[in-house]
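The sequence and structure come next.

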Amino acid sequence: MTYQTLLFGIEQGVARITINRPTQLNAIDVLTAKELALAAKQCRADSAVRCVVLSGAGDRAFCAGGDVAGFASDLERVDSLLAEMTAHVEEAISVLVRMRAPVVAGVNGIVAGAGLGLMAAADLAVASQTAKFTSAYTKIGLPPDGSTTWFLPRLIGHRRTKELFLLNRVLAADEAMAWGLVNRVVAPEELAATVDQIAQQLARGPTLAFASVKRLLLSSGDAILEQQMKDEAASIVQMSRSRDGLAGVKAFKDKVEPSFIGS
């Protein structure tokens with residue numbers, strides 16, 4: 001499939017989705033949102049995809065959120081444009097969060113608005129030292145969207161989330177890591193290589209077990225302890241019947257490194 005606003009490719013089990021609107025700081029308009037959802041579904045449908053990397057083109061921004069400047073050019077349709085854009089972003093995030101392949105965000109430059117939601121929805125996030133993180137929603141008189149009110153309280157707590165939303169504080173990369181928004185901070189010139197190393201490691205891993213990790217963690221916030229333990233037990237028993245599960249157990253017995261095929 002050919003995309004107009006994204007760069008998309010799959011190599012060695014790693015799918016790479018890059019928002020390719022650097023002049024607009026990789027802001028999301030309706031078409032970009034629609035293509036993000038399509039790309040996410042393409043990754044979900046392809047059993048060869050064992051890791052997904054999200055990034056933004058250029059060195060100025062990962063994603064500056066919704067394309068407010070574009071929406072402002074048609075004030076009479078702002079509400080309908082926002083409704084359409086958010087629907088597609090919601091679909092993209094839902095698919096990425098629930099797909100079996102782990103998702104890694106490579107974060108460069110500005111991260112704002114729905115860009116925070118995309119990054120927070122990723123399973124792991126690596127940021128350049130030059131990255132900056134902000135909400136910016138209430139700065140233009142709007143409430144947050146793009147999954148941010150669901151993910152951010154779980155990642156950084158309610159107090160810090162309210163500080164981002166109400167005061168529009170801008171976090172430097174080291175602050176974002178201290179708060180729990182990202183996993184690692186690296187020099188700008190090391191970002192691509194670090195993300196690639198993590199992606200390749202994940203793509204060689206037990207993909208079905210990773211899928212269980214994602215599912216169990218996603219449900220843990222609303223589950224009672226006993227139910228969560230039952231879900232864990234059912235998952236580990238199921239995975240022990242898979243080829244990767246059996247290979248891992250045998251490799252442990254033989255004291256060798258396991259070789260996983262993702263099934």
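Strand E4 and strand E6 (residues 110–112) run parallel and are joined by two bridges. Helices (H or I, at least four residues) and strands (E, at least two) are DSSP runs, numbered from the N terminus; two strands pair if DSSP finds at least two bridges between them. The bridge partner of Ala61 in E6 is Ile110. Helix H4 (residues 114–121) packs on this sheet and touches E4, E6 and strand E8 (132–134). Its direction makes about 95° with that of E6. Contact means heavy atoms within 4.5 Å. Axes are lines fitted to C-alpha atoms, for helices over the stretch in contact, and angles run from 0 to 180 degrees between N-to-C directions.

The order of this open sheet of four strands is E4-E6-E8-E9, and its pairing is mixed. Strand E4 (61–63) and strand E9 (171–172) are the edge strands, each pairing on one side only.

## Basis of the model

The model is predicted: local features need pLDDT of at least 70, side-chain atom pairs count only at pLDDT 80 or more, and totals for chains, interfaces and linings use all residues. Residues are numbered from 1 along each chain as its sequence is written, and side-chain values use heavy atoms, with hydrogens and water left out.

## The six-stranded sheet

A further open sheet has six strands in the order E1-E2-E3-E5-E7-E10, with mixed pairing. Its edge strands, E1 (6–11) and E10 (184–186), each pair on one side only. Neighbouring strands of this sheet are turned by 20° against each other on average, direction ignored.

Strand E2 (residues 14–19) runs parallel to E3 and is joined to it by six bridges; Ile17 stands opposite Leu54 in E3. Helix H8 (residues 191–203) lies across E2, E3, E5, E7 and E10, at about 165° to E7.

## Strand E5

E5 has a parallel partner in strand E3 (residues 51–56), over three bridges, with Val52 opposite Val103. E5 also pairs in the parallel sense with strand E7 (residues 124–128), over four bridges, and here Val104 stands opposite Leu124.

Five of the five residues of E5 (residues 103–107) are buried, so the strand is largely enclosed by the rest of the structure. Buried means under 20% relative accessible area (1.4 Å probe, protein chains only), exposed over 50% and partly exposed in between. In a regular strand the side chains alternate between the two faces of the sheet. In E5 both faces are covered, with Val103, Ala105 and Val107 buried on one side and Val104 and Gly106 buried on the other.
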